Amino acid sequence: MDTKSIAPVIKACFGQIQTKLEDARQIAKAAEACAEAGRLNEAVQVSMGIEQLIYDVDRLHDAAALLGRMIAADR
């Protein structure tokens, strides 16, 4: 595997992971604020926005890990 061509893809995966985790953090912060205000049902509804982000982060991490293993296998 050509490290030079794969390295930018791995970096892009981690960049997207960081962005999605920051989005999830913001949602968690909003859900926490709702919960602290006693609006528990709203807090849970707000927190549901995290689910897709976590799924996406997991898939991006899987991709980065696979590409990393492919590079390592060629060494």
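## Salt bridges and a nonpolar core

Five salt bridges turn up in this predicted model, counting a side-chain nitrogen of Lys or Arg within 4 Å of a carboxyl oxygen of Asp or Glu. Since the model is predicted, local features need pLDDT of at least 70 and side-chain atom pairs count only at pLDDT 80 or more, while totals for chains, interfaces and linings use all residues. Residues are numbered from 1 along each chain as its sequence is written, and side-chain values use heavy atoms, with hydrogens and water left out.

Here are some of the bridges, including their N to O distances.

| Pair | Closest N to O |
|---|---|
| Lys20 and Asp56 | 3.5 Å |
| Arg59 and Asp62 | 2.7 Å |

Let's take Lys20 and Asp56 to begin with. Asp56 sits in helix 3 (residues 50–73) and Lys20 in helix 1 (residues 3–36), so their bridge ties together parts that are 36 residues apart in sequence. Helices here are DSSP runs of H or I, at least four residues long, numbered from the N terminus. Lys20 is buried, at 19% relative accessible area; buried means under 20%, exposed means over 50%, and partly exposed is in between, using a 1.4 Å probe and protein chains only.

Arg25 and Glu22 stay within helix 1, three residues or about one helical turn apart. Arg25 is partly exposed at 43%, and Glu22 is partly exposed too, at 36%.

Over in helix 3, Arg59 and Asp62 are also three residues apart, about one turn of the helix. Both fall in the partly exposed class, with Arg59 at 34% and Asp62 at 36%. Shared partners link Asp58, Arg59 and Asp62 into one salt-bridge network. Arg59 also lies over the face of Tyr55, 4.9 Å from the ring centre; the rule asks for NZ of Lys or CZ of Arg within 6 Å of the ring centre and within 35 degrees of the ring normal.

Now for the greasy part. The largest nonpolar core has nine residues: Ile6, Ile10, Cys13, Ile17, Val57, Leu60, Ala64, Leu67 and Ile71. A core of this kind is a set of buried Ala, Val, Leu, Ile, Met, Phe, Trp, Tyr and Cys residues joined through side-chain atoms within 4.5 Å. Helix 1 and helix 3 each supply at least two of its residues, and helix 3 gives the most, with five.

What does Leu60 contact, leaving aside its neighbours within four places in sequence? Leu60 touches Cys13, Gln16, Ile17 and Lys20, where contact means heavy atoms within 4.5 Å.
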